[in-house]
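Please read the numbered points with the sequence and the model in view.

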Amino acid sequence: MDELQNALNNKSLTISTFPEKGRCLFTTRDFSPGEVIISESPYVSVPNKNKESPESKCEWCFSSTNLKKCSACHVVWYCSSICQKSDWKLHCVECQALKKVDKERLKSITPSIRLMVRLCIRRKLENQKNLDYGGCGAEQLRMHFSAFMFLACNAHTICDSELRPLGTGLYPVISIINHSCLPNSVLVFEGRLAVVRAMQHIPKGTEVLISYIEIAGSTITRQKALKEQYFFTCTCSRCIKLKVIDARITNVMDFSFVTLSKWGDEKGRGILKSSDKTEASVAYKMIEELQMKLYHPFSVNLMRTRETLLKILMELQDWKEALSYCRLTIPIYESCWETEAAVKSLTKALDILESLMEQRHHSCWNF
Ligand SMILES: C[S@@+](CC[C@H](N)C(=O)[O-])C[C@H]1O[C@@H](n2cnc3c(N)ncnc32)[C@H](O)[C@@H]1O
């Protein structure tokens with residue numbers, strides 16, 4: 001803990017511990033909207049490899065181009081000698097072990113196992129047996145939790161600029177930041193560097209809070225996700241206020257409508273898998289109609305349906321209708337985030353759609 005606190009002293013941040021949350025990160029000066037609060041390289045990281053993301057990636061920068069396998073273990077990939085050199089201290093230890101694993105067994109070594117192994121290697125190499133992970137700490141971990149619960153709570157998914165997951169990393173300082181469904185900060189990635197930025201004016205002495213989950217979800221959905229992955233019940237003001245309302249909505253909802261809506265959604269999903277996008281758009285419009293009767297105009301479920309429709313319409317190159325669906329999602333995002341950032345990116349999406357429409361209009365005249 002002292003080591004982490006020392007690292008934070010010149011960064012206008014401090015750590016405090018509270019019984020209900022464990023360690024918390026506080027500011028010791030004001031931060032302006034958009035300002036970087038902290039940026040950190042991963043202590044250890046691994047690229048993702050699963051059904052959704054089966055392609056190999058560079059072990060260091062997660063690039064998926066110009067890859068060459070490590071000639072010794074034939075398991076790990078690099079896109080350049082610079083990346084290979086940067087990773088060598090860790091990989092040279094890991095490489096010895098990987099060389100001995102037979103091909104069949106290699107398949108069962110998941111990225112989570114590799115992350116854990118890399119953490120042990122780095123700790124051993126640096127002899128930092130006391131690197132403190134506090135409430136979810138590696139030392140306490142051995143006593144109280146399994147290693148994978150520790151990873152689930154403390155590891156961060158590294159994403160590209162379009163929020164596609166690339167890998168997983170452990171960031172000792174950033175992993176101190178607690179969750180809120182009304183966060184004052186946001187975590188983004190610039191390559192492997194994790195950057196936490198203020199989303200609003202943050203006065204001195206305020207806890208830095210990010211959202212661990214998709215914020216545009218009902219209170220019940222958010223709380224379920226937090227409980228399942230992070231093992232706590234969120235008591236932020238949004239959860240407390242909306243939990244009561246959510247429960248009332250669930251009680252008064254016409255059950256047959258919900259069932260119908262779910263049926264429609266499943267049907268839509270089935271159709272979506274098929275290649276007939278026109279059929280999918282008809283099915284999703286039917287779901288939208290049902291949901292409009294059932295849900296509040298700012299409902300996240302309704303927004304999800306409209307987002308799906310937006311994607312389908314873009315694939316069908318029906319820019320005009322896609323634009324109208326894009327417009328419908330803006331007020332819902334505005335109400336979820338209450339920040340200009342979401343509006344800005346949606347406005348950018350609108351600009352792109354509008355320019356595509358314009359291009360199409362011109363090409364119609366040209367041919
Ligand atoms: C990445 S760690 C955050 C730092 C943690 N407080 C610590 O002491 O190391 C995630 C864990 O912190 C706790 N946590 C985060 N946000 C919380 C919140 N809003 N309320 C209660 N516990 C929270 C949960 O135990 C969660 O699994």
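1. Thr 157 stands opposite Thr 168 in strand 8. The two strands concerned, strand 7 and strand 8, pair in the antiparallel sense over 5 bridges. Strands here are DSSP runs of E with at least two residues, helices are DSSP runs of H or I with at least four residues, and both are numbered from the N terminus. Two strands are said to pair if DSSP finds at least two bridges between them.

2. The model is a predicted one, in which local features need pLDDT of at least 70 and side-chain atom pairs count only at pLDDT 80 or more, while totals for chains, interfaces and linings use all residues. Residues are numbered from 1 along each chain as its sequence is written.

3. On its other pairing, strand 8 (residues 165-170) joins strand 4 in the antiparallel sense over 4 bridges. Within that pairing, Val 46 stands opposite Thr 168 of strand 8. Axes are lines fitted to C-alpha atoms, for helices over the stretch in contact, and angles run from 0 to 180 degrees between N-to-C directions.

4. How do the residues of strand 4 (residues 44-47) point? Val 44 and Val 46 point one way, Ser 45 and Pro 47 point the other way, and all are buried. A residue is buried if 20 or more other C-beta atoms lie within 10 Å of its own, exposed if 12 or fewer, and partly exposed in between, with C-beta atoms placed from the backbone. In a regular strand the side chains alternate between the two faces of the sheet.

5. A further open sheet is formed by 3 strands in the order 3-11-10, with antiparallel pairing. Strand 3 (36-40) and strand 10 (185-190) stand at its edges, each with a single partner strand, so one side of each is left without a neighbour in the sheet. The twist here averages 20° from one strand to the next. Strand 3 pairs with strand 11 (residues 193-198) over 4 bridges in the antiparallel sense, and Glu 40 stands opposite Ala 194 of strand 11.

6. Strand 10 and strand 11 run antiparallel and are joined by 6 bridges, with Leu 193 of strand 11 as the bridge partner of Glu 190. The hairpin of these strands has 2 residues between them, and Gly 191 takes a positive phi near 65° there. Strand 10 has a covered face of Ser 185, Leu 187 and Phe 189, and an uncovered one of Val 186, Val 188 and Glu 190.

7. Positive phi values deserve a reader's attention. Most residues other than glycine have a negative phi. Ser 12, although not a glycine, has a positive phi of about 60°. Ser 12 lies in the loop between helix 1 (2-8) and strand 1 (13-18), and is partly exposed, with 15 other C-beta atoms within 10 Å. Phe 62, also not a glycine, has a positive phi near 70°. Its place is in the loop between strand 4 and strand 5 (68-69). Is Phe 62 buried or exposed? Phe 62 is buried, with 23 other C-beta atoms within 10 Å.

8. Helix 7 (residues 219-230) has 12 residues; at 1.5 Å a residue it should span 16 Å, and its end C-alpha atoms are 16 Å apart, which agrees. The expected span is 1.5 Å times one less than the number of residues. Its buried residues are Thr 219, Arg 222 and Gln 223. Seen down the axis of helix 7, these fall within an arc of 95°, so they line one face of the helix; the arc is that of the directions from the helix axis to the C-beta atoms. Just after helix 7, Phe 231 takes a positive phi of about 60°.

9. For the chain as a whole, the secondary structure comes to 13 helices and 12 strands. Of its 367 residues, 27% count as buried.
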